[in-house]
Structure formats: structure tokens, C-alpha cells
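Reader: I would like to learn how to read a model of this kind, feature by feature. Could you take me through it slowly?

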Amino acid sequence: MEKFDKSFPSKPLSWPRGRQWALAGVVGSGNLEVLFERNAKAPDKMDCHVESSIPGHKDSWLAALNDFAANYPVGGTKVTIHDQGADPIVVTFRLRQALDHVLKKSS
Amino acid sequence: MTSAPLFHEQTARQRISSLADADTFTEFLPPPERVMSPYLPQLDIPVSFDDGLVIGRAKIGGKPVYLAAQVGQFVGGSVGEVHGAKLTGLIQAAARDGIPCVFIVESGGVRLHEGSSGEIAISEAMRAVFECRAKRVPTIAVIGSDIGAFGGMGILTTCCDFRIITEHGRLGISGPIVIEKWMGKEAYDSSNRALVWKTSGGKTKFLLGDADLLAEDDAPSVAAAITKLLSKSNPLTLRSLKARQLELEKRMKDFGKTGDPDAIWTALGIKDVAEASLATAPEFIALAKKK
């Protein structure tokens, strides 16, 4: 297992009223789940906790998460990831999907 | 053909949101609560926020239900201690409140990594199902994916009042690979998909009467089937058990030595097996009626 915590600077995300979390993906082979939670304490940071079944790819994780935090306004968000061997493009896709779920009006 | 997404391709959460009336689903123990397996991390296996089971309250066709959906991709939809405790709690709530309980089953059974805790969890869930049945609270299992309902979940599914199955669903105790390992490839070839589906698949289970309704592979058809059953119950009495036993004995007598599943379809009234194999659910039901 690879487990780590890391914060990335990001522009503040304005969470729609009433929405506190959003989930994308499932923990399955080549897949991952991403949970977005509101974290009002650090509006200019994306706080990440990653658990992956595949060790040895921390650099790829950091690059993917850093890109995401730079490309989208996701400050004030706590991101928790449970991964079972997803490749970086799937990781980016799930992050984007979770962000979409946050921003979408109805559940 | 409908334009709705295929039910067997949807995830547990997508199935719930496409079955429940809009904005009626309230999840119990949602992901931020992090009620997760304490055992999987010890084995270096990733955990999931919902432990592979999404539970909650919803309305289907305007009627309140307790709803559970298993996540087949997560450790085979298997029932671990937390997964089983969530399931049991939901069924007990259904019995207490007199609200029907609907299970979207997608599981190979007990989570072997969790040993006895998983076994006990599934037994507790079964006991809760019988609590519902004693109180005439409907319990409905939906099997709509090829992971299907096997092992302990196969048993739990058959403990329910009713079963809804789609062509993609499978129902059994030992899965095809397990049977092949024990009996040999000559007895049962698990790579023969036609054979596997003709023995444990939705159409066969519907023909045999092991499933009560056969639905098309989309959420609107499944929801319509659920709605039909919500106000019914299937009382469990000594008489109904004895009748079922006789039915199973007759099945053993009629088909126990049959090696060809097509012969079973024919004996059960399907004239053109090739046509029936390709038929949609409503077409198949019509063909099965023309005995």
C-alpha cells in the first residue's frame, strides 16, 4: 500500500449551498473512488489523502493532483482517494467527475 | 429498445438514482461517515467508503422503500462485517417500520477475507429477512448483473418474498468456476457462457420459477417490476415450504440427469430455443406462456 497526505495550492471553490460532499468512481480493478468534502478552514488549498494498493508511484500521484489543483479552482476541499491501480488519466477523470458532482445543481 | 442506460452496466449508486423517484433517496451512513472494513487494511487491500453497500430510504413509484445496492466491483460485492451489519440494520428497520425492503444484489457472497465475521453477518441478515416475512413486510431482491447472486447472497436472495431478474442476472450457490474445479471440465465447462447462462442465468431462473419476474435490462423496467410487487407479500408457512420441497423434488426427478440445458427449456414449454435465447424480456415471457 502507498499512503500519503499532501496539500496543493488552488483557487477557492465556491461550494453550492447545502452540498457538503460528492463521490465519483468505485474501488475496483484499475479504478478508484474520489471523495470531495468541504473544508472551510483552508479555502486556498486542496488537502489530499491517498491510499493506493500499488506502491511506488507517488511521483505520478503528486503530478496528477498538482495539475488538477492548478487547472481547476478546488481550494477549500478535502479530497480522499481509495485506489486500486487506476492509471493517471483515470485519476484525472475521476477528480474532474467528482468536481462536476459538487457543482451540479441536483443530486 | 429503450434509450435508458443498461442496468447491468450501471454502478450501485447509478442504479439507485435511476430506480428511486427524483430526489427521494436519503443515504444512511454516507461516504463521509467512513464506516469501513477494519480487516482489509491488514491485508493491504484498499477499503471503500461504503464497504461495497449503499443503503438508504427512498420512494419508488411514489411508495416508500428501504433500498440497498451492492457494489459488485468492490471485492466482488462481497459481504464483510460492516457491509453485512449495514444490510442487517436496513432489513431490521424495514421490519420495524413495515416498509418494503428492496435489494439490488450484485455479490459473490461472503467476503472470505473477513472469515467468520462475514459468515455471521450474512446469517444475521437472513434472520432479519425472516423477521420481515413473519410481519408480512415485502422483501424484494433484484438481480441484474452477471456477478449476480451467489454463495451466501444467493441464499439470502432466495429467502426473500420475491426475486426480479434480468437476462444478465445469475442466481446460484456455487459459481461456475467453483463447480468446474470440483466436478471437472467434462461435467461443467465454466468458459461455455451459453451453458453458464442457461443453467444460472435470468431466463432459465424465470422459467424454473426461481425468479418471479423477468425484467428488461434498464432501470425503468426494473422499477416497474418492483412497483408491481411492493404491496404484495409471499407468506412463509409450513404448507408453502412443503409445496416448494415437492416442486424441487419433481425438478430433480425431471431434470436431475439432463446434461443439456436446452432440453430443460424445451420441457418447460419453449418450442424454439434459438428464438427464445435472443428474445427480449417481454417476448420471452410471451413465449414461455405459449405452452
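**Strands of chain A**

Author: Let us begin with one bridge: A:Trp21 has A:Glu37 in S3(A) as its bridge partner. Please keep in mind that this is a predicted model, in which local features need pLDDT of at least 70 and side-chain atom pairs count only at pLDDT 80 or more, while totals for chains, interfaces and linings use all residues. Residues are numbered from 1 along each chain as its sequence is written, and chains are lettered from A and ligands numbered from 1 in the order in which they are written.

Reader: In what sense do S2(A) and S3(A) pair, and over how many bridges?

Author: Two strands pair if DSSP finds at least two bridges between them, and the elements themselves are DSSP runs numbered from the N terminus, with helices (H or I) of at least four residues and strands (E) of at least two. S2(A) and S3(A) pair in the antiparallel sense over four bridges. Their hairpin has six residues between the strands, and A:Gly25 there takes a positive phi near 80 degrees. S3(A) is also joined to S5(A), again antiparallel, by eight bridges, and A:Asn31 has A:Gln84 in S5(A) as its bridge partner.

Reader: Which elements of chain A give two or more residues to the side that touches chain B?

Author: Two residues are in contact if their C-beta atoms, placed from the backbone, lie within 7 Å. On that basis, 17 residues of chain A are in contact with 13 residues of chain B. The elements that give two or more residues to this side of chain A are strand S2 (21–24), strand S3 (31–38) and strand S5 (77–84) of chain A, and S3(A) gives the most, with four residues. By class, the side has six nonpolar, seven polar and four charged residues, where Ala, Val, Leu, Ile, Met, Phe, Trp, Tyr, Cys and Pro count as nonpolar, Asp, Glu, Lys and Arg as charged, and the others, Gly among them, as polar.

Reader: In chain B, what is the order of the strands in the open sheet?

Author: Seven strands form it in the order S1-S2-S3-S4-S5-S6-S7 (chain B), with mixed pairing. Strand S1 (26–28) and strand S7 (213–215) of chain B stand at the edges with a single partner strand each, so one side of each is left without a neighbour in the sheet. Within chain B, strand S4 (residues 101–105) and strand S5 (residues 139–143) run parallel and are joined by five bridges, and B:Val102 has B:Ile140 in S5(B) as its bridge partner.

Reader: At what angle do helix H2 and helix H3 of chain B pack?

Author: Axes are lines fitted to C-alpha atoms, for helices over the stretch in contact, and angles run from 0 to 180 degrees between N-to-C directions. Helix H2 (residues 81–97) and helix H3 (residues 115–134) of chain B pack at an angle of about 10 degrees, with their axes 8 Å apart. H2(B) and H3(B) are therefore roughly parallel to each other, a label for angles under 35 degrees, whereas those over 145 count as roughly antiparallel, 65 to 115 as roughly perpendicular and the rest as oblique. The residues of the contact of H2(B) with H3(B) divide into 11 nonpolar, six polar and three charged.

Reader: What is the mean pLDDT of chain B?

Author: The value, on the predictor's scale of confidence in each residue from 0 to 100, is a mean of 95 for chain B, with 99% of its residues reaching 70 or more. The model scores ipTM 0.93 and pTM 0.95.
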